[in-house]
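Hi everyone, and thanks for making time today.

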Amino acid sequence: MLLPDGRHLSYCANIHRGETWAETRAALQAHIPRVRELLGATDRPFAVGLRLSAVAARELLAGNHLADFRAWLETDNLYVFTINGFPFGSFHGTRVKEQVYAPDWSDPARAAYTRDLFEILVKLPSGGATDRGVSTLPGSFKLFDGVAEKRPLIQSHLRDFALWLEALSAQTGEDLHLDLEPEPLGLFENTAETIEFFAEMTTRWPAERGLLLRRLRVNYDTCHLAIEYEKAAEALAKLNAAGLRIGKLHLSSAVSLVPSPAAVAALEKFVDEVYLHQVIVREADGRLKRFHDLPPALAWAQSHAGRNLPHPLGEEWRVHFHIPLHAGPAAPFGDTRPHLEEMLALSRKHPAFCTHLEMETYTWEVLPPEMRAPDVDEQLAAEYRWVMERL
C-alpha cells in the first residue's frame, strides 16, 4: 500500500500456490481483497507484490490476459511496484531446494524470463511509484558445479541486462532496476561479497559504472543478512560507501537458537522436503560454519554433541526458515527480528534510502502447526499491522 511518506508496502504473493497464470490470478483475486478488507484499507491504493513463474509470465503476455489483469487492478485501485523474479519454476508442493537458483544468470533463460517480468511490470498501474523493480537471485548458488568458472559469464549477462534495462527505462520514462538478493550460500551472500561482486563488474566496465549501479541494485532481505550475523546499520553504511543502492527491502525473520542437544533436536520440526534451510553456526571464536540445509547441520550436531568442549555445538545457530513477523517462536527458539526492527528504524529515520518494502513469509504451508495461523489471510494482516506499527 502507499504509505503517507511515499514508501510502498506489499506482501509477496509467493506465499500462495500458483505456477500457471490462471492459478496465480485466482490466488490473487481470492486473497488480495480479503487481506485488504481485514486491514480496513479499501479506501486507498493497495499494492500487489507479484510473483510470477516463467510459465505464468509467458502466459500473461499472450492474448488479452495482460489487458484483463490491468483492468482488474485499475478497477479495484490496485497497483504493482515490484515483482519477485527469484523462483523461476515451481515454488510450492514439490521439491524446490537448490533448484530455486536454476536457471542461474549464466543461462540465457534467466535473462529471458526476467525481461518478460519487466515487460509485464511497465504495463501495469504503478500507484505513483517513482521507480519500479524486479528482484532476482544473487547470480547463482555456490554449490553448483563450475560456478566459480561461470562468474565472469554471469557478470557479462547482468551487464547486458543492465544495458537492456537502461533502454527500456528511456523508452518508458520509468526508473527501472533489477535487485539482486544476497542469500546464504548464494554466489554472493553477505555485504562484503556483494560489494566485491559489484566492484568486479564496475572494474570490468568502468565506463558503464554509473549505468550498472543505476540499473543493478541490492534486494536487502533482513532474514538473509541476519543469518550472516550482520548488523543492519553497518551493512547499509558499507553498501552506501561502495555506491550500491537498495532497490527493495524484504521484511523477513529467521529462526535462531542457543544450541543444546535438546534445542537442536527440536529443530527437526522445521525440516521439510520443499525448501532449502541453510544454517550458519557461530562458533565461540566468532568463526561461522555453514551448512546448505538443516539435515546436514543436524547430523553434524549429533556427531559433536558428546565432545568434551565448552561449546561443542557453537554459541548460536541461525536457520534460513522464514517465520511470521508478528509472533516469535516458543522456547527453545528465538528469531532474528532485532535485525528487522533495526532496519525498520533506519527506514523510518531515512525513508528515501529505499521506498520499496515487501514482507516475505512464503513458508506458511510448511511452518510447524503451532506457528501457522489457521487462515493465511489473517496471518498476512497481522504481519501488516506489526510492520506498520514500526513504520
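What volume does the largest cavity have? The answer is about 180 Å³. Before going on, a word on the source: this is a predicted model, where local features need pLDDT of at least 70 and side-chain atom pairs count only at pLDDT 80 or more, while totals for chains, interfaces and linings use all residues. Residues are numbered from 1 along each chain as its sequence is written, and side-chain values use heavy atoms, with hydrogens and water left out.

So what do I mean by a cavity? On a 1 Å grid over the protein atoms alone, a cavity is a set of points where a 1.4 Å probe fits but cannot get out; a pocket is an open set with protein on both sides within 12 Å along at least five of seven lines; and lining residues have an atom within 4 Å of a point. Grid points are joined across faces, edges and corners, and a volume is the space filled by probe spheres set on the points.

Searching the whole structure turns up three cavities of 30 Å³ or more. Around the largest cavity there are 19 lining residues, and Phe 91, Val 100, Glu 183, His 320 and Tyr 362 lie nearest its centre. That lining divides into nine nonpolar, six polar and four charged residues. For these classes, Ala, Val, Leu, Ile, Met, Phe, Trp, Tyr, Cys and Pro count as nonpolar, Asp, Glu, Lys and Arg as charged, and the others, Gly among them, as polar.

The second largest cavity has a volume of about 60 Å³. Its lining includes Ala 13, His 16 and Arg 51, and helix α1 (residues 21-39) gives the most to that lining, with three residues. Helices here (H or I, at least four residues) and strands (E, at least two) are DSSP runs, numbered from the N terminus.

Now for the largest pocket, which holds about 340 Å³ of space. Of its 20 lining residues, Arg 245, Ile 246, Ala 352, Phe 353 and Cys 354 are nearest the centre. Two or more residues each come from β7 (175-180), α9 (232-241) and β9 (246-251). The biggest giver is α9, with five residues.

Thr 191, Thr 194 and Ile 195 of α6 meet Ala 235, Lys 238 and Leu 239 of α9, where contact means heavy atoms within 4.5 Å.

Last, some backbone details. A cis peptide bond joins Ala 102 and Pro 103, with omega about -10°, and Pro 103 lies in the loop between β5 (82-84) and α4. Another cis bond runs from Ala 331 to Pro 332, with omega near 15°.
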